[in-house]
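Student: I am new to this structure. Can we go through it piece by piece?

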Amino acid sequence: MKKRVKRVKKWALIYLLLLFSFGGYAQMVSVSGVVLDREKIPLPGVNVTVKGTMTGVVTDRNGKYAVTVPGREAVLVFSFVGYATQEVTVGDRTDISLTMEEAATEIEEVVVIGYGTVKKSDLTGSVVSVKASDLNVLPTTSFAEMLRGKAPGVLITTSSGAPGSGAGVLIRGKNSISGGNSPLYVVDGIFVENISDLNTSDIASLEILKDASAQAIFGARAANGVFLISTKRGESGKISVDFNTYFGKQFLQRNFDFYSGDEWSQLRNEARRTDNKGEYLTDYFVDDIMTDVYKSKKYIDWEDLMFDPAWVQKHDLSIRAGSEKTKIAFGMGYFNQDGMVQKSGYERGTFRLNIDQQLHKNLNIGANFAYTRSKRQITDGSFNSFITVTPLAKPYDDEGNVQKYVTSSNDINPLWNIQQYDAETRVDRFLMSAFMEWNIIDGLKYRLSANINMRNSEAGTYQSSLHTSASGSKGHGTLSNSSDYEYLIDNILTYGKTFGVHDVEMVLVQSVNRDRSKSIGTTAEQFPSDLFKWNAIPDAELILKPSRGITQRSLASFVGRLRYGLLDRYLLTASIRSDGSSVFGKENKWGFFPSVAVAWKINNESFLKDADWLTALKLRLSYGQVGNQAVSAYKTLGLVSSYQMLFGDGSMETGYLPSSELQNPRLKWETTTSTNVGLDFGFLNNRVSGTLEYYVKNTSNLLIDRSLNTALGYEKITTNIGKVQNKGIEVLLSGDVIRNRELRWTLDFTFSANRNKIVALDGRTDENGKPVDDVDNRWFIGQPIDVYYDYSFNGIWQLDDDIAGSHMPAAKPGAIKLTDVSGPDGVPDGKISDADRVIYHRDPKWFGSLTSSLKWKQLDLMLDFYTLYGGVKRNTYLYDSNAGGSLQGKRNGIKVNYWTPENPSNEFPRPSHDSNASYFGTAAFQKMTYFRLRAATIGFSFPEKWIAKVKLSNARIYCTGANLWTKTDYLSYGPELETGDYPEASSVIIGLNISF
């Protein structure tokens with residue numbers, strides 16, 4: 001009986017367990033629906049998570065989702081950037097569709113500022129946000145190049161088209177003459193100088209601080225603007241996996257022609273004719289190889305031999321996951337860009353891990369780790385070598401090998417030195433930051449952050465024993481190593497509270513920053529073999545004097561900021577920062593940088609409460625100061641140089657004497673004071689939105705290197721003199737031209753104009769009390785910092801001109817004609833003198849961009865245009881014989897319309913074999929204006945029903961063309977490049993974006 005009871009109990013227990021088990025399974029519920037915005041347009045990318053779990057999905061392109069929840073009591077959380085988060089209890093429903101409301105308006109997005117965040121509508125300073133998606137439209141490693149045209153007031157200039165090269169960044173004009181103009185980059189709180197090491201696929205948000213009110217919180221580091229970059233972090237309740245990849249080809253484009261073999265022969269003949277009293281010579285080559293090639297007509301296209309289309313590829317993987325207490329974001333990427341020229345290229349691998357952990361309801365900690373390894377190969381020398389070599393040449397010997405000389409006159413083969421040269425730079429960078437945040441009481445929190453930035457690089461170069469520059473030294477090699485270690489510790493106390501109609505936030509910061517750099521270099525000659533390159537330096541017979549450098553600089557800072565809001569209409573931000581820098585003298589180490597800004601949210605006034613057409617209208621006014629410490633360390637202490645002395649007994653001793661630079665113990669901060677007026681607006685629920693800005697910046701106590709009379713024993717000194725002013729306007733406009741269920745067309749427009757001028761120099765005046773210009777350095781009161789100072793080109797003297805009675809009586813037909821601008825008294829005096837030189841402005845008058853984005857069903861199309869207007873540049877391609885501007889018939893170059901008696905051109909002078917034309921450089925000034933189709937992308941997003949079978953939430957394939965078309969009168973391989981620079985590439989890539 002007892003056994004039977006036990007058996008019944010056993011089976012009853014099993015039955016109950018099965019019942020509860022099946023009941024549990026029976027509680028699992030499938031829920032689906034569609035998420036729309038207020039205009040009933042599907043919202044893709046909305047996070048739909050089950051509250052309190054890691055279960056979650058993302059809406060597809062049509063706003064649809066499907067998720068399984070554990071029971072009827074489950075709560076779905078719908079969240080999306082720019083929209084209010086909504087929570088919905090499942091209950092008895094299986095179809096939950098909803099409309100998401102924007103978080104007040106799109107302008108309410110949270111913006112990262114120094115040591116905190118703020119709603120965009122509450123900003124009082126000039127801050128522009130750039131979408132992370134806009135930074136990955138081009139196949140390049142240059143972060144700055146990706147940013148071009150995306151932020152008004154930020155001028156990007158290309159310095160080289162070589163793989164791995166960066167670009168120049170200038171925010172609101174050039175403030176300093178010698179003290180540096182590069183902005184400050186802050187990545188997750190870490191100060192970074194070389195932003196090209198950052199994988200842009202890791203970026204979550206980017207803000208650019210442009211006025212002193214926004215910058216002053218960073219004080220000494222912020223004189224030239226600040227880039228605040230936040231990387232992606234983990235998300236609770238879901239696992240997100242993104243994989244992005246592309247492959248593509250780079251190719252060369254130019255807007256000029258070289259002389260063909262026949263045209264170059266004719267140029268050479270004309271040059272000889274000029275020096276032969278106008279008579280042609282029967283034999284003007286005087287070179288056997290040139291003569292043979294001319295007869296065979298087998299001319300050489302050197303550009304075709306130098307450049308080949310090259311591959312570029314990029315692959316990125318991102319994983320984000322987490323629970324309510326632990327969040328993790330992991331990212332890794334690989335980029336490889338082959339050079340269009342052999343022995344050039346760039347390769348980079350990146351790794352990033354961000355962790356956030358809640359230890360207690362009032363205590364959070366976190367850490368960020370980032371590691372980058374890169375390798376860059378740099379090809380030999382200047383690219384002018386292939387431009388100037390004659391097309392009447394033989395680059396290969398009879399066996400097809402590259403030969404050193406291509407003519408009987410021993411012209412060097414540009415391919416030769418490339419093959420005999422190797423240069424490689426390897427860089428390892430490690431970034432680490434850790435923080436602890438303690439919410440002490442409601443509204444009051446303390447944050448401690450510690451950041452480390454380490455960079456190590458090794459650079460080696462080697463010219464083989466066959467290289468033209470090292471043939472006499474049996475090989476020439478260099479090897480250098482450098483390391484940089486920087487740490488930053490911040491103590492941040494923040495108090496924020498709302499008292500009825502009053503919003504108050506106070507921030508106090510104390511920080512310590514130290515940077516230590518070391519370098520060592522070695523050079524050697526007389527190598528036993530070329531096989532091991534610079535790695536065989538220990539085996540070289542001649543090891544030259546090594547170099548060693550150590551630099552350390554420190555900065556201590558104290559910061560205070562108050563933000564106050566009244567009635568959500570009137571805003572005030574005031575800050576003060578004090579910085580003490582080790583690079584300045586004892587009496588001037590500390591700088592104080594205050595700022596104040598006010599804003600009026602006009603749209604929140606009662607008289608506009610019924611204006612449904614008005615979404616946002618805010619007027620901003622700011623004033624503040626920031627400092628610049630961008631000078632080398634030890635300027636106030638002085639440096640010594642080592643000297644070796646041979647004594648009479650044959651001994652060699654080393655001693656030290658002061659260097660050629662005189663120390664300046666009174667050196668102090670360069671200070672920029674700026675005023676900014678801004679208007680932010682949005683109409684028709686932000687269907688049209690934008691910003692208008694006007695600013696004036698005055699920089700005083702300029703850090704300038706001044707030349708000294710060498711009789712004093714010193715050559716220069718760094719001192720504080722002069723003033724510079726920048727003022728300008730900026731426009732940012734965005735609009736939805738069409739917005740419905742199937743079609744959306746948006747336009748984004750930026751415009752920037754800046755005027756730069758020197759207000760004062762060293763205070764010297766002439767006998768009339770007028771400030772004296774520094775002509776030797778091309779610094780003129782009332783003119784921009786960057787100018788040319790030369791004569792004015794006025795065409796070419798023609799056969800029927802009255803040359804003898806002109807202001808250039810010694811000229812001949814075909815010579816360059818200059819403009820008689822003025823004499824000593826300021827009026828034309830009938831002759832050419834120094835008074836006839838004029839100032840050419842190098843800075844552009846304005847620049848801007850227009851981006852058109854079109855989405856129709858599964859297709860998307862983006863066109864990105866960029867333009868720069870004004871500014872003059874002297875094109876050395878057109879006058880420098882070493883860069884392709886010779887009209888002597890000795891070298892090839894850029895094809896121009898030169899003067900001959902039969903072709904009375906008014907553009908370029910008559911060729912002459914014996915010498916280049918006088919004042920030739922005046923004919924080479926060209927406008928820098930250009931208009932470019934910067935990027936064009938067409939993409940296709942796969943429908944949900946196609947990708948759901950392979951468990952994908954998103955899949956898109958696209959094709960992008962970069963720098964496909966440029967319209968400009970400036971003849972070059974890139975409108976911003978200098979002659980001899982690595983040419984700029986155009987490219988076409990095919991890419992894939994997928995998400996799980």
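Student: In which strand is the place of Asp 356?

Tutor: Bear in mind that this is a predicted model. Strand 20 covers residues 345-360. Asp 356 has its place in strand 20.

Student: Is Asp 356 buried or exposed?

Tutor: The relative accessible area of Asp 356 is 16%. Buried means under 20%. Therefore Asp 356 counts as buried.

Student: With which side chain does the side chain of Asp 356 make a polar contact?

Tutor: Asp 356 touches several residues beyond its sequence neighbours, including Lys 325, Phe 435 and Arg 233. A polar contact between side chains, at 2.8 Å, links Asp 356 to Arg 233.

Student: Which residues have the most contacts inside the largest nonpolar core?

Tutor: That core has 51 residues. The residues with the most contacts inside the core are Trp 302 and Phe 386.

Student: Which strands stand at the edges of the open sheet of five strands?

Tutor: The strand order is 10-15-16-13-14, with mixed pairing.

Student: Which residue in strand 15 is the bridge partner of Val 127?

Tutor: Strand 10 and strand 15 (residues 203-209) run antiparallel. Four bridges join them. The partner of Val 127 is Leu 209.

Terms used: Residues are numbered from 1 along each chain as its sequence is written. This is a predicted model: local features need pLDDT of at least 70, side-chain atom pairs count only at pLDDT 80 or more; totals for chains, interfaces and linings use all residues. Side-chain values use heavy atoms; hydrogens and water are left out. A nonpolar core is a set of buried Ala, Val, Leu, Ile, Met, Phe, Trp, Tyr and Cys residues joined through side-chain atoms within 4.5 Å. Buried means under 20% relative accessible area, exposed over 50%, partly exposed in between (1.4 Å probe, protein chains only). Two strands pair if DSSP finds at least two bridges between them. Helices (H or I, at least four residues) and strands (E, at least two) are DSSP runs, numbered from the N terminus. A polar contact is a pair of N or O atoms within 3.5 Å; within protein, one must be able to donate a hydrogen and the other to accept it, and residues adjacent in sequence count only if both atoms are side-chain atoms. Contact means heavy atoms within 4.5 Å. Lists of a residue's contacts leave out its neighbours within four places in sequence.
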